[in-house]
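Subject: Structure for you to look at

Hello,

Here is the structure I said I would pass on. Please open it next to this message, and my notes on its rings follow below.

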Amino acid sequence: MITRRSLFAGGASLGLAAALGASPVRAAARRAPLSDPFQLGVASGEPTPDGVVLWTRLAMDPVALDGLGGMPDRVVPVHWQLASDENFRHVVRQGVEQARRESAHSVHVELDGLRPGAEYFYRFRAEGEISEVGRTLTAPAPGARSRPLNLSFTSCADYQTGWFTPYRRMAEDHPDLIAFLGDYIYEYGDYKYPVRDQAGGECLDLAGYRLRHAQHKADPESRLAHAIAPWVVVWDDHDIENAWAGDVPEQPDPPFLARRAAAFQAYYENMPLRRAQRPDGPALRLYRTIRWGAVANLHMLDTRQYRDLYACTGRSGTIGADCAERLAPNRTMLGGEQESWLDGQLKDSQATWDLLGQQVFLMEMDWTNGEGKGYSNEGWDGYVASRNRLTAAIDDYRRNAVVLTGDVHSH
Ligand SMILES: [Fe+2]
């Protein structure tokens, strides 16, 4: 079994030393030689009992303003290896993927046929450079209790309001799985970035979203967290635009569905997702279940793409108890398809725990001090009937449910 020290030492010998030893660490991306195409690190995700996705995206200049990472306009072969040991003495699988400009030189390797509940190590090679080593896991076999689930979850990685120290701490915890619950980026303008000021504009198009994702991935502490365990991700609003709801944006410009398509494209390119989660224009099915033997089913929900518009005001904000629309029985947070899918997942679940990975406050919450009630119409309080159907399903099917929520930047 790998230790933190041995993984980090292995990484250091493969070029992560600058990332770990630099002070301030933020400067690492600037100092790295342009020839290093692995400045966005490596990641894995979507574990099943026999497979996992390996990810990298090549970038020699992560903050190139066109969002293309300073990569040449050509196909770049990316060799990958999967081993059962961190020193790659026992390589169990290897191959080559083609990194193409139309997908921002991202690479998604979907593996199957692996052993369940097993630890693996992976790395990439391109342009004569070798990436850092990532550690990943397959899920336990169906019904197995052979392995507990050590889960980390996080959300709301707002680069402009704090360093990514928590990502380093997560890596040190050595989890089995990392769930990301939304707001992996913030699309804001006035984005303070220490490498290149011009990169601080609002994300409005594909170049902007690609660039913002690259800023986050190039961070040395972000790289540590992505290399330590498989990730399972969902978005919230800021991955696209503040407070978007279904097809309705907060700001009318640029045209929203084109903007959403660009954000979804960049999201897919920069996350260890499966081909099943490739966007189709402004549509991407992100809700899904990750199974961890008999221990847990992790249902990752999308509370943004299919929700009804905000009750009573049409805009995200606080509404009073006099807002009757929030109680309307036909209102939906998940959309009909996702809601019936989730009902089926809970009904059929055999796991001890059903974890709901989702974006916004589920429980009733009065945000007004003293007299009167004030509810957020962006959380489930604005979709009360939808919430009642979910809690009734948990009750009816006698599930041990745990709700994991991002959004409010609190625990
Ligand atoms: Fe957030």
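Arg326 lies over the face of the Tyr375 ring, 3.8 Å from the ring centre. Please keep in mind that the model is predicted.

Next, the rings that pair with other rings. How many aromatic pairs does a search of the whole structure find? The search gives 15. One of them joins Tyr159 and Phe164: the ring centres are 4.9 Å apart and the planes stand at 80 degrees, so this pair is edge-to-face. The cut-off behind that label is an angle over 60 degrees.

Are Tyr159 and Phe164 buried or exposed? Tyr159 has a relative accessibility of 6%, so it counts as buried. Phe164 is at 5% and therefore counts as buried too.

Tyr186 and Tyr188 make another pair, with ring centres 5.5 Å apart. Their planes are at 50 degrees, so the pair is called tilted. Tyr186 has 1% relative accessibility and so counts as buried, whereas Tyr188, with a relative accessible area of 31%, is partly exposed. The reasoning here needs one cut-off: buried means under 20%.

Regards

Conventions. Residues are numbered from 1 along each chain as its sequence is written. This is a predicted model: local features need pLDDT of at least 70, side-chain atom pairs count only at pLDDT 80 or more; totals for chains, interfaces and linings use all residues. Side-chain values use heavy atoms; hydrogens and water are left out. Rings of Phe, Tyr and Trp (its six-membered ring) pair if their centres lie within 6.5 Å; planes under 30 degrees apart count as stacked, over 60 as edge-to-face and the rest as tilted. Buried means under 20% relative accessible area, exposed over 50%, partly exposed in between (1.4 Å probe, protein chains only). A charge sits over a ring if NZ of Lys or CZ of Arg is within 6 Å of the ring centre and within 35 degrees of the ring normal.
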